[in-house]
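Hi,

Here is the structure I promised to pass on to you. Please open it next to this email, and then read on for what turned up in it.

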Amino acid sequence: ALRVQASEMGEHYELFYCLETSIRNLVSETLEAANGELWWDNCVSEPIRTNAQKNSQRELDSGVTPRTEREIDYTTFGELGEIVRSNWENFATIFSSQKAFTKIMTSLNQLRGPIAHCCPLAEDEIVRLRLTLRDWFRLME
(Lines give C-alpha, C1' and ligand atoms only; values in the text may rest on other atoms or scores of the structure.)
Protein backbone atom coordinates (compact mmCIF):
# COMPACT_ATOMS: atom_id res chain seq x y z
CA ALA A 1 0.00 0.00 0.00
CA LEU A 2 2.85 2.36 0.81
CA ARG A 3 4.52 1.75 -2.57
CA VAL A 4 1.25 2.44 -4.37
CA GLN A 5 0.87 5.69 -2.43
CA ALA A 6 4.50 6.62 -3.20
CA SER A 7 3.92 5.97 -6.88
CA GLU A 8 0.82 8.16 -6.88
CA MET A 9 2.68 10.95 -5.07
CA GLY A 10 5.61 10.61 -7.48
CA GLU A 11 3.51 12.26 -10.18
CA HIS A 12 2.92 15.31 -7.98
CA TYR A 13 6.56 15.45 -6.88
CA GLU A 14 7.73 15.35 -10.52
CA LEU A 15 5.32 18.12 -11.43
CA PHE A 16 6.42 20.34 -8.55
CA TYR A 17 10.10 19.58 -9.14
CA CYS A 18 9.79 20.83 -12.72
CA LEU A 19 7.77 23.87 -11.67
CA GLU A 20 10.06 24.93 -8.83
CA THR A 21 13.19 24.42 -10.92
CA SER A 22 11.71 26.45 -13.76
CA ILE A 23 10.75 29.25 -11.34
CA ARG A 24 14.28 29.35 -9.89
CA ASN A 25 15.69 29.51 -13.43
CA LEU A 26 13.23 32.22 -14.45
CA VAL A 27 14.14 34.36 -11.45
CA SER A 28 17.90 34.02 -11.88
CA GLU A 29 17.85 34.45 -15.66
CA THR A 30 15.54 37.47 -15.52
CA LEU A 31 17.51 39.24 -12.82
CA GLU A 32 20.86 38.47 -14.43
CA ALA A 33 19.64 39.75 -17.81
CA ALA A 34 18.39 42.98 -16.25
CA ASN A 35 21.11 43.55 -13.63
CA GLY A 36 24.21 41.65 -14.68
CA GLU A 37 26.27 38.92 -13.07
CA LEU A 38 26.14 40.55 -9.64
CA TRP A 39 22.33 40.33 -9.52
CA TRP A 40 22.41 38.12 -6.41
CA ASP A 41 24.28 40.74 -4.38
CA ASN A 42 22.41 43.71 -5.84
CA CYS A 43 18.83 42.39 -6.09
CA VAL A 44 18.40 39.96 -3.18
CA SER A 45 17.89 41.25 0.35
CA GLU A 46 20.50 40.62 3.01
CA PRO A 47 18.25 38.32 5.11
CA ILE A 48 17.58 36.05 2.12
CA ARG A 49 21.26 35.99 1.12
CA THR A 50 22.23 35.18 4.72
CA ASN A 51 19.67 32.39 4.97
CA ALA A 52 20.84 30.89 1.67
CA GLN A 53 24.44 31.03 2.89
CA LYS A 54 23.46 29.30 6.15
CA ASN A 55 21.61 26.58 4.22
CA SER A 56 24.62 26.10 1.96
CA GLN A 57 27.03 25.99 4.91
CA ARG A 58 24.80 23.52 6.78
CA GLU A 59 24.93 21.23 3.77
CA LEU A 60 28.72 21.62 3.48
CA ASP A 61 29.17 20.93 7.20
CA SER A 62 27.13 17.73 6.96
CA GLY A 63 29.65 16.23 4.55
CA VAL A 64 27.19 15.50 1.74
CA THR A 65 27.74 16.42 -1.87
CA PRO A 66 26.65 20.04 -2.40
CA ARG A 67 23.45 20.12 -4.45
CA THR A 68 24.49 23.15 -6.48
CA GLU A 69 26.79 26.13 -6.74
CA ARG A 70 23.89 28.57 -7.28
CA GLU A 71 22.87 30.58 -4.24
CA ILE A 72 19.26 30.76 -5.41
CA ASP A 73 18.96 26.98 -5.01
CA TYR A 74 19.44 27.44 -1.25
CA THR A 75 16.49 29.81 -0.89
CA THR A 76 13.12 28.63 0.31
CA PHE A 77 10.17 28.64 -2.05
CA GLY A 78 8.67 31.53 -0.08
CA GLU A 79 11.87 33.52 -0.48
CA LEU A 80 11.63 33.12 -4.26
CA GLY A 81 8.36 35.03 -4.12
CA GLU A 82 9.98 37.72 -1.99
CA ILE A 83 12.79 38.11 -4.52
CA VAL A 84 10.33 38.59 -7.36
CA ARG A 85 8.15 41.04 -5.43
CA SER A 86 11.13 43.15 -4.36
CA ASN A 87 12.30 43.31 -7.99
CA TRP A 88 8.87 43.61 -9.56
CA GLU A 89 10.05 46.10 -12.19
CA ASN A 90 12.04 43.23 -13.76
CA PHE A 91 9.07 40.84 -13.73
CA ALA A 92 6.15 43.14 -14.59
CA THR A 93 6.38 42.17 -18.27
CA ILE A 94 6.40 38.45 -17.40
CA PHE A 95 3.54 38.31 -14.89
CA SER A 96 0.23 40.06 -15.45
CA SER A 97 -0.42 41.03 -11.81
CA GLN A 98 1.68 41.29 -8.66
CA LYS A 99 -1.32 40.50 -6.45
CA ALA A 100 -2.12 37.40 -8.51
CA PHE A 101 1.55 36.39 -8.41
CA THR A 102 1.55 36.60 -4.60
CA LYS A 103 -1.70 34.65 -4.30
CA ILE A 104 -0.52 31.89 -6.62
CA MET A 105 2.92 31.61 -5.01
CA THR A 106 1.28 31.39 -1.56
CA SER A 107 -1.01 28.63 -2.78
CA LEU A 108 1.89 26.76 -4.41
CA ASN A 109 3.92 27.05 -1.22
CA GLN A 110 1.08 25.53 0.80
CA LEU A 111 0.69 22.70 -1.71
CA ARG A 112 4.45 22.14 -1.74
CA GLY A 113 4.56 21.14 1.95
CA PRO A 114 2.93 17.71 1.76
CA ILE A 115 4.65 16.93 -1.54
CA ALA A 116 8.12 17.80 -0.26
CA HIS A 117 7.61 16.11 3.10
CA CYS A 118 6.26 12.76 1.89
CA CYS A 119 2.62 13.15 2.90
CA PRO A 120 -0.22 12.10 0.62
CA LEU A 121 -2.29 14.81 -1.03
CA ALA A 122 -6.02 14.66 -0.45
CA GLU A 123 -8.10 14.48 -3.63
CA ASP A 124 -9.23 18.09 -3.15
CA GLU A 125 -5.59 19.18 -2.92
CA ILE A 126 -4.73 17.32 -6.12
CA VAL A 127 -7.47 19.30 -7.85
CA ARG A 128 -6.21 22.49 -6.20
CA LEU A 129 -2.66 21.76 -7.42
CA ARG A 130 -3.84 21.32 -11.00
CA LEU A 131 -5.92 24.50 -10.88
CA THR A 132 -3.08 26.47 -9.30
CA LEU A 133 -0.72 25.30 -12.04
CA ARG A 134 -3.21 26.54 -14.61
CA ASP A 135 -3.33 29.85 -12.74
CA TRP A 136 0.49 30.01 -12.81
CA PHE A 137 0.66 29.62 -16.57
CA ARG A 138 -2.25 32.02 -17.09
CA LEU A 139 -0.35 34.57 -14.99
CA MET A 140 2.43 34.52 -17.60
CA GLU A 141 0.16 34.98 -20.64
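Cysteine 118 sits in the loop between α6 and α7. Its phi angle is near 60 degrees, which is a positive value in a residue other than glycine. Is cysteine 118 buried or exposed? Its relative accessibility is 74%, so cysteine 118 counts as exposed, the cut-off for that word being over 50%.

Before you go further, please keep in mind that this is a predicted model.

Now for the whole chain. What is it built from? The C-alpha trace spans about 50 × 45 × 20 Å along its principal axes. The chain has 141 residues, and 35% of them count as buried. If you take the contacts with a separation of 6 or more, 68% of them are between residues 24 or more positions apart.

The inside

In soluble globular proteins, nonpolar side chains tend to be buried together. Here, the largest nonpolar core has 33 residues, and those touching the most other members are Ile23, Val27, Phe95, Phe101, Met105, Leu108 and Trp136. Which helices supply at least two residues each to this core? They are α1, α2, α3, α4, α5, α6 and α7.

With a relative accessibility of 1%, phenylalanine 101 counts as buried. Leaving out residues up to four places away in sequence, phenylalanine 101 touches Gly81, Val84, Arg85, Trp88, Phe95, Trp136 and Leu139.

Helix α4 is worth a look too. Its buried residues are Phe77, Glu79, Leu80, Gly81, Ile83 and Val84, and what covers them includes α1, α2, α3, α5 and α6.

Threonine 30 belongs to helix α1, which runs over residues 2-35. Its relative accessible area is 13%, so threonine 30 is buried, since the cut-off is under 20%. Apart from residues up to four places away in sequence, threonine 30 touches Asn90, Phe91 and Ile94.

The aromatic rings

How many aromatic pairs does a search of the whole structure find? The search gives 9. In one of them, tryptophan 39 and tryptophan 40 have ring centres 5.7 Å apart and planes at 90 degrees, so this pair is edge-to-face. Tryptophan 39 and tryptophan 40 are both buried.

Phenylalanine 101 comes back here, as it forms a tilted pair with tryptophan 136, with 6.2 Å from centre to centre and 50 degrees between the planes. Why does this pair tie together parts that are 35 residues apart in sequence? Because phenylalanine 101 lies in helix α6 and tryptophan 136 in helix α7. Tryptophan 136 has a relative accessible area of 2% and is therefore buried. Ring pairs also link Trp88, Phe91, Phe95, Phe101 and Trp136 into a cluster.

The largest pocket

The largest pocket has a volume of about 500 Å³. Its lining is made of 18 residues, and nearest its centre lie Tyr17, Glu20, Arg24, Arg67 and Arg112. The elements giving two or more residues to the lining are α1 and α6, and the largest share, 7 residues, comes from α1. Sorted by class, the lining holds 6 nonpolar, 6 polar and 6 charged residues.

One more residue

Finally, look for arginine 58 in helix α3. Arginine 58 has a relative accessibility of 51% and so counts as exposed, the cut-off being over 50%. Arginine 58 and leucine 2 are 56 residues apart along the chain, and 31 Å separates their C-alpha atoms.

Best wishes

Conventions: Residues numbered from 1 in each chain as written. Predicted model: local features only at pLDDT ≥ 70, side-chain atom pairs only at ≥ 80, totals over all residues. Heavy atoms only, no water. Helix = DSSP H or I, 4+ residues; strand = E, 2+ residues; numbered from the N terminus. Buried < 20%, exposed > 50% of the residue type's maximum accessible area, 1.4 Å probe, protein only. Contact = heavy atoms within 4.5 Å. Core = buried A, V, L, I, M, F, W, Y, C linked by side-chain atoms within 4.5 Å. 1 Å grid on protein atoms, 1.4 Å probe; cavity = no way out; pocket = protein on both sides within 12 Å on 5 of 7 lines; lining within 4 Å. Points joined across faces, edges and corners; volume = space filled by probe spheres on them. Nonpolar A, V, L, I, M, F, W, Y, C, P; charged D, E, K, R; others polar. Phe/Tyr/Trp six-rings, centres within 6.5 Å; stacked < 30°, edge-to-face > 60°.
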